[in-house]
Amino acid sequence: MNRAGEILASERRPGAPLLVTAELPADVLGWADGLRRAHYPPERNRLRAHVTLFHALPPSVEAELIAILGELARSAPPPARISGLMKLERGTALAVHSPAMEDLHARIADRMHGLLTVQDSRPLRLHVTVQNKVSSAQAQALQARLQAELAPVSFRFRGFGLYAWEEGLWREIRIVKFRG
């Protein structure tokens with residue numbers, strides 16, 4: 001690690017793809033992560049709650065990506081709202097509505113044109129997965145329960161997260177906070 005607490009590229013697994021997240025504020029993160037810990041199969045729950053913007057960018061663009069994120073983070077923190085549930089094939093997610101973050105995502109995607117995977121080229125559906133890889137019955141039961149309890153939650157994203165994907169775990173490279 002360097003003095004700023006960032007992980008040096010030499011300490012990471014070579015060739016690890018890069019992930020970009022929209023970082024949740026502490027209160028929303030704590031609440032969503034509590035749901036995730038309660039409902040995600042424990043043997044599969046290796047990450048905290050998160051909103052993924054890009055799943056696998058090539059490690060060769062790290063410096064450029066840090067510059068792009070820094071440039072975009074000069075703006076005000078984008079407003080967002082947990083607007084309901086998103087039904088996954090075998091799970092449940094919290095649907096996140098944020099036109100401002102969708103715009104920032106599109107600007108990053110434009111700069112990474114030609115480097116996006118099929119998954120990262122699909123239309124963005126912002127969400128926080130709280131349950132996955134369960135039976136349809138388990139997913140439907142949680143959805144019914146949360147539907148009755150869930151009220152919209154407004155917040156502002158606090159920044160971008162840049163991580164290296166290393167064998168199913170994320171290694172934090174940098175958190176770039178919004179400063180506008």
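In the predicted model, F160 and F178 are both buried. The structure holds 3 aromatic pairs. In one of them, the rings of F160 and F178 are tilted, with 50° between the planes and 5.0 Å from centre to centre. This pair links distant parts of the chain, since F160 belongs to strand β7 (residues 159-166) and F178 to the segment after β8 (169-177), 18 residues apart.

Another of the 3 aromatic pairs is formed by F155 and F157 and is edge-to-face, with 80° between the planes and a centre-to-centre distance of 5.2 Å. F155 has a relative accessible area of 8% and is therefore buried, the limit being under 20%. F157 likewise counts as buried, because its relative accessibility is 1%.

A charged group is also placed over an aromatic ring: R36 lies over the face of Y40, 4.2 Å from the ring centre.

Two or more lining residues come from each of the elements β2 (51-57), α4 (118-121) and β5 (127-131). The largest contribution to the lining is that of β2, with 5 residues. Sorted by class, the lining of the largest pocket contains 12 nonpolar residues, 9 polar residues and 9 charged residues.

Note on methods:
Residues numbered from 1 in each chain as written. Predicted model: local features only at pLDDT ≥ 70, side-chain atom pairs only at ≥ 80, totals over all residues. Heavy atoms only, no water. Helix = DSSP H or I, 4+ residues; strand = E, 2+ residues; numbered from the N terminus. Nonpolar A, V, L, I, M, F, W, Y, C, P; charged D, E, K, R; others polar. Phe/Tyr/Trp six-rings, centres within 6.5 Å; stacked < 30°, edge-to-face > 60°. Buried < 20%, exposed > 50% of the residue type's maximum accessible area, 1.4 Å probe, protein only. Lys NZ or Arg CZ within 6 Å of the ring centre and 35° of its normal.
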